[in-house]
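Here's a quick briefing to read alongside the model. Have the fold open in your viewer and follow along by topic.

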Amino acid sequence: MKVNYTGRQLTVPGDFREFAEKKLERMEKYFADGANVSLKLLTKRNFEVVEVTIVDAGTIFRSEQSSDAFLTSLDRCLDAIERQIRKNKTKLSKRLRDNAFVAEPAPTVADEIDEQDEFKIRTKSFSFKPMSAQEAILQMNLLGHSFFVFEDDTTGQVNVVYTRADGEYGLITQG
């Protein structure tokens, strides 16, 4: 796995890198050698926050945890990702068996701030592969988001799946 370290307004300590490499070894059983791992460290209100994003064959696993120490936050992140994998083990293995996750380059994310009058807009752009609504819901749950934008694999249209207040899922299509 390729690991990229980023410190927001801080320098990533060398002992943290060694600790992270050791902890990430336990994740290698789930991911191929070409998996990309992004570790971001930052401090918020006296808490040390670690954000872990793992991209493997077009599937994104993400967790963000905070505690009083970066090492504890990293442990919590990896535990959360492992729970995501175990929770969706059947769905993920079925998708892998059916070649649903075709190897693609990792999505590129560009974070920019555009100002319009008094509004600040953070823009993210990324490439995505066509998928079914079921696969989009799985990806949304893996990311821990409340919505997910995707290209429908049958119609080619851009759609949105989201979590409804009643716990069910919704689908917004072009029409």
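Let's start with α4, whose buried residues are Glu135, Ala136, Ile137, Leu138, Gln139, Met140, Leu142 and Leu143. That leaves α4 mostly covered, with 8 of its 11 residues buried. Here buried means under 20% relative accessible area, exposed means over 50%, and partly exposed is anything in between, using a 1.4 Å probe and protein chains only. Keep in mind that this is a predicted model, where local features need pLDDT of at least 70, side-chain atom pairs count only at pLDDT 80 or more, and totals for chains, interfaces and linings use all residues. Residues are numbered from 1 along each chain as its sequence is written, and side-chain values use heavy atoms, with hydrogens and water left out.

**Overall layout**

- The protein chain has 4 helices and 10 strands; these are DSSP runs numbered from the N terminus, with helices being H or I of at least four residues and strands being E of at least two.
- Reading from the N terminus, the elements go β-α-β-β-β-α-α-β-β-β-α-β-β-β.
- Of the 175 residues in the protein chain, 33% are buried.

**How α1 and α2 pack**

- Two packed helices are described by the angle between their axes and the distance between the axes.
- Helix α1 (residues 14-24) packs against helix α2 (residues 70-87) at an angle of about 20°, and their axes are 11 Å apart.
- That angle makes α1 roughly parallel to α2.
- For the cut-offs, angles under 35 degrees count as roughly parallel, over 145 as roughly antiparallel, 65 to 115 as roughly perpendicular and the rest as oblique.
- The axes are lines fitted to C-alpha atoms, for helices over the stretch in contact, and the angles run from 0 to 180 degrees between N-to-C directions.

**Salt bridges**

- The structure holds 8 salt bridges, each being a side-chain nitrogen of Lys or Arg within 4 Å of a carboxyl oxygen of Asp or Glu.
- One network of salt bridges links Lys44, Glu51, Arg62 and Glu64.
- Within that group, Glu64 pairs with Arg62, and the closest N and O atoms are 3.0 Å apart.
- Glu64 is partly exposed at 34% relative accessible area, and Arg62 also counts as partly exposed at 23%.
- Lys129 and Glu135 meet in a salt bridge too (2.9 Å, N to O), and here both Lys129 and Glu135 are buried.
- Arg164 and Asp166 make another salt bridge, at 3.4 Å from N to O.
- In that pair, Arg164 is partly exposed at 39% relative accessibility, whereas Asp166 counts as exposed at 51%.

**Loops and positive phi**

- Just after α4, Gly144 has a positive phi of about 75°.
- Gly144 sits in the loop between α4 (133-143) and β8 (147-152) and is exposed, with a relative accessible area of 60%.
- Gly144 and Phe61 are 83 residues apart in sequence, but their C-alpha atoms are 8.8 Å apart in space.
- Over in the loop between β2 (36-44) and β3 (47-56) you'll find Arg45, a non-glycine residue with a positive phi near 45°.
- Asn46 is in the loop between β2 and β3 as well, and its phi is near 65°, again positive in a residue other than glycine.
- Arg45 is exposed at 79% relative accessibility, and Asn46 is exposed at 81%.

- Phe126, Phe128 and Val158 form a nonpolar surface patch with about 240 Å² of accessible area together.
- Patches are made of residues with over 30% relative accessible area and no salt bridge, joining like charges within 9 Å and nonpolar side chains (Val, Leu, Ile, Met, Phe, Trp, Tyr) within 5 Å.
- The accessible areas come from the Shrake-Rupley method with a 1.4 Å probe, and for residues only the protein chains shown count as cover.
- Phe126 lies in the loop between β6 (119-123) and β7 (130-131) and is partly exposed, at 40% relative accessible area.
- Pro130 is in strand β7 and is partly exposed, with a relative accessible area of 42%.
- The C-alpha atoms of Pro130 and Asp153 are separated by 4.5 Å, with the two residues 23 apart along the chain.
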